[in-house]
Amino acid sequence: MTLSAREQYRILADSVAEILPEDEFVAKLERSVQTGVPLRVKLGCDPSRPDLHIGHAVVLEKLRQFQELGHQVIFIIGDFTAMIGDPSGRSKTRPALTLEETKANARTYLEQVGILLDVSRAEIRHNSEWLAGLTFAEVIRLAAQVTVSQMLERDDFHDRFEREQPIALHEFLYPLAQGLDSVHVRADVEIGGTDQRFNFLLARELQKHAGQEPQAIVLMPLLEGTDGVQKMSKSLGNYIAVLDSPREMFGKAMSIPDTLIVRYYRFATFATAEQAQQMEQQLQAGTLHPRDAKALVAERLVARYHGDDAARHAREEFDRMFRHKQLPDEIEIVELELAHPVSVVDALVAAGLVPSKSEARRLIAQGGVSVDGDRVTDIAARLAEQSEFTLKVGKRRFVRLRLRSR
RNA sequence: GGGCGGGUUCCAGAGCGGUCAAAUGGGGCAGACUGUAAAUCUGCUGGCGUGAUGCCUUCGGAGGUUCGAAUCCUUCCCCGCCCA
């Protein structure tokens, strides 16, 4: 069921941020169709951060399309680089991983990828295969292929250089290592987020040096995080993880700013361009309420990772909790041995709802704490002589506390 | 090797002998409002403790001067820029 190059292009070019260079990409597709040889499509993975979020999914979805069109997907586990310790930028201590950790992380990573596409059909390689054995002489020869000013073209290097912030020498080596990966797997296409443009282009240079046809580059848009400003990333804490529970996923999706609704619809739930456009119009015309639009996006998102039932349930629960301010139907139960009388402050800390007593006092003073539905107003309040309480902090932190007397 | 500028609370960044747990912004949290964990507004944001202008621990590390130090001195570590 091989589609023509043109049809493939139409599918693959949809929703990309950029394809570089466009004509080479088309030529590769045409040749693939003619010869029946699938394209080798590379995706690099960072095993130091195995938690996938829905921003990654934008790329994986595209990869899935390649796979469905019969092309060969290649995952490169960056185990070698992870073992050395990625310095990139400001993250101060990103400790070097052991081989075992790297392996375990890679496994988790691929499990999560498996939610979105068929990992069993993909080629999985570790870059330690070819990087670990390089001699220093080879590294120098490699480094000689690129100039410092070329390196400084890269956005973040440039930026840091301008701002007089440190750039460690070995940071220059990472793009080179990544580029070597492309050479070693003979990638026809490399796919990633738009922030990878420089690295991917550098890989083309290395491939040319190695006498290979340079890879085409498919760049996917970077999804903004739930804060609506910065790109989604784990370290910024503005992400929705692929493994988030339905409730969390739904809630986080509901917390995105209105301006992001259509974008999430499109790139997080993979609505078609037409659907997205339609939503946009309805929002503008006022026929679709932003809240409802967001709920639709949230529900579709949950449905993708947890199924339709879970999605519906998450939606109902969200309405119950936030529109009607009732309790969720499942509350974590914490059992503690505390002797009466127990102060509310102590209970909050013991139940793990707040990190310190000072914090608990602050929250009470601000009216953010309730016990069995009644707001606590007194910092020195104590729990009544009963064995079970529902503690609530803010709008969405609940615990059912069971006290056992000793 | 030399010169200069730096290392402050989650982040950025003021402070430069007491009035500093430390300005301001960001982030986070809470409240009000609401259409949601949107937006907006308000408050809080080291720990312990309370009828408190209370106690303790923090300003790269270690010492020291002083009644008193984030602020001065010594030394060590780290970073940036420039010159060589």
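Is Lys 325 buried or exposed? Select Lys 325 and you'll find it exposed, at a relative accessible area of 61% (exposed is over 50%, buried under 20%, partly exposed in between, with a 1.4 Å probe and protein chains only).

A word on what's loaded: this is a predicted model, where local features need pLDDT of at least 70 and side-chain atom pairs count only at pLDDT 80 or more, while totals for chains, interfaces and linings use all residues. Residues are numbered from 1 along each chain as its sequence is written, chains are lettered from A and ligands numbered from 1 in written order, and side-chain values use heavy atoms, without hydrogens and water.

Stay on Lys 325. It sits in the loop between helix H16 (308–323) and strand E7 (333–337) (DSSP runs numbered from the N terminus: helices are H or I, at least four residues; strands are E, at least two). An N or O atom of its side chain is 3.1 Å from a base oxygen of RNA strand B.

Zoom in on Arg 362, where a side-chain N or O atom is 2.4 Å from a phosphate oxygen of RNA strand B.

Last stop: Arg 397, with a side-chain N or O atom 2.9 Å from a sugar or linking oxygen of RNA strand B.

Key
Polar contact = N/O pair within 3.5 Å; in protein donor to acceptor, adjacent residues only side chain to side chain.
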